[in-house]
Amino acid sequence: MKLGCSTVLFNQLDLYEALQHIAWAGYEGAELACLAALCPTCGLITKKSYTDEIKATAKKHNLALFGIHAGFGDQPGYDRITAMKIMFEVAEKIGIPIVTIRCGGKSDDKESTKRGIQGHPRNE
């Protein structure tokens with residue numbers, strides 16, 4: 001087992017500083033946050049220079065990258081489906097095996113989940 005924490009805990013810092021603090025705290029890895037309004041430590045950028053910088057920063061701090069937590073409803077200029085596709089590409093280029101999302105909807109209610117993915121208000 002390996003212990004990690006999310007960069008969302010360091011939402012006032014940039015990626016480098018967030019990973020530095022996670023390493024200082026003794027964690028073995030991190031989950032990157034791609035939450036435009038709350039914690040944009042990982043963005044919807046697929047350029048090799050960007051993904052290489054993320055990998056190099058994690059390596060410098062001796063951290064594994066366990067996952068990305070993405071909030072697709074808050075990405076300016078992107079619909080949810082496009083944002084998800086780009087985030088999956090970013091994760092693949094970095095070598096991150098897990099992308100967690102919060103799509104909305106209700107348990108066992110396919111229609112409300114579809115509306116959540118499409119960006120319609122959830123039924124509470």
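Tutor: Leaving aside residues up to four places away in sequence, Ile68 touches Glu31, Leu32, Cys34, Cys42, Met87, Ala91, Ile96, Ile98, Val99 and Thr100. A contact here means heavy atoms within 4.5 Å. The model is a predicted one, in which local features need pLDDT of at least 70 and side-chain atom pairs count only at pLDDT 80 or more, while totals for chains, interfaces and linings use all residues. Residues are numbered from 1 along each chain as its sequence is written, and side-chain values use heavy atoms, with hydrogens and water left out.

Ile68 is among the residues with the most contacts inside the largest nonpolar core, together with Leu19, Leu32, Cys42, Ile54, Leu65 and Met87. This core has 23 residues. Helix 1 (15-24), strand 2 (29-35), helix 2, strand 4 and helix 3 each give two or more residues to this core, and helix 3 supplies the largest share, six residues. A nonpolar core is a set of buried Ala, Val, Leu, Ile, Met, Phe, Trp, Tyr and Cys residues joined through side-chain atoms within 4.5 Å. Buried means under 20% relative accessible area, exposed means over 50%, and partly exposed lies in between, with a 1.4 Å probe and protein chains only. Helices (H or I, at least four residues) and strands (E, at least two) are DSSP runs numbered from the N terminus.

Now the chain as a whole. It has four helices and five strands, in the order β-α-β-β-α-β-α-β-α along the sequence. Of its 124 residues, 35% count as buried. Among contacts between residues at least 6 apart in sequence, 65% join residues at least 24 apart. The accessible surface comes to about 7400 Å², and carbon and sulfur atoms account for 53% of it; such areas come from the Shrake-Rupley method with a 1.4 Å probe, and for residues only the protein chains shown count as cover.

One loop residue is also worth a look. His61 sits in the loop between helix 2 and strand 4 (64-70). His61 counts as buried because its relative accessibility is 12%.

Charged pairs come last. A salt bridge is a side-chain nitrogen of Lys or Arg within 4 Å of a carboxyl oxygen of Asp or Glu, and by this rule there are three. Lys48 and Asp52 form one, at 2.7 Å from N to O. Both lie in helix 2 (residues 48-60), four residues apart, about one turn of the helix. Lys55 also forms a salt bridge with Asp52, the closest N and O atoms being 3.6 Å apart, and these two are three residues apart in helix 2. Lys48 is exposed at 59% relative accessible area, whereas Asp52 is partly exposed at 29% and Lys55 is partly exposed at 32%.

In helix 3 (residues 80-94), Glu89 and Lys93 are four residues apart, about one turn, and their side chains meet in a salt bridge at 3.3 Å from N to O. Glu89 is partly exposed at 32%, and Lys93 is partly exposed at 37%.
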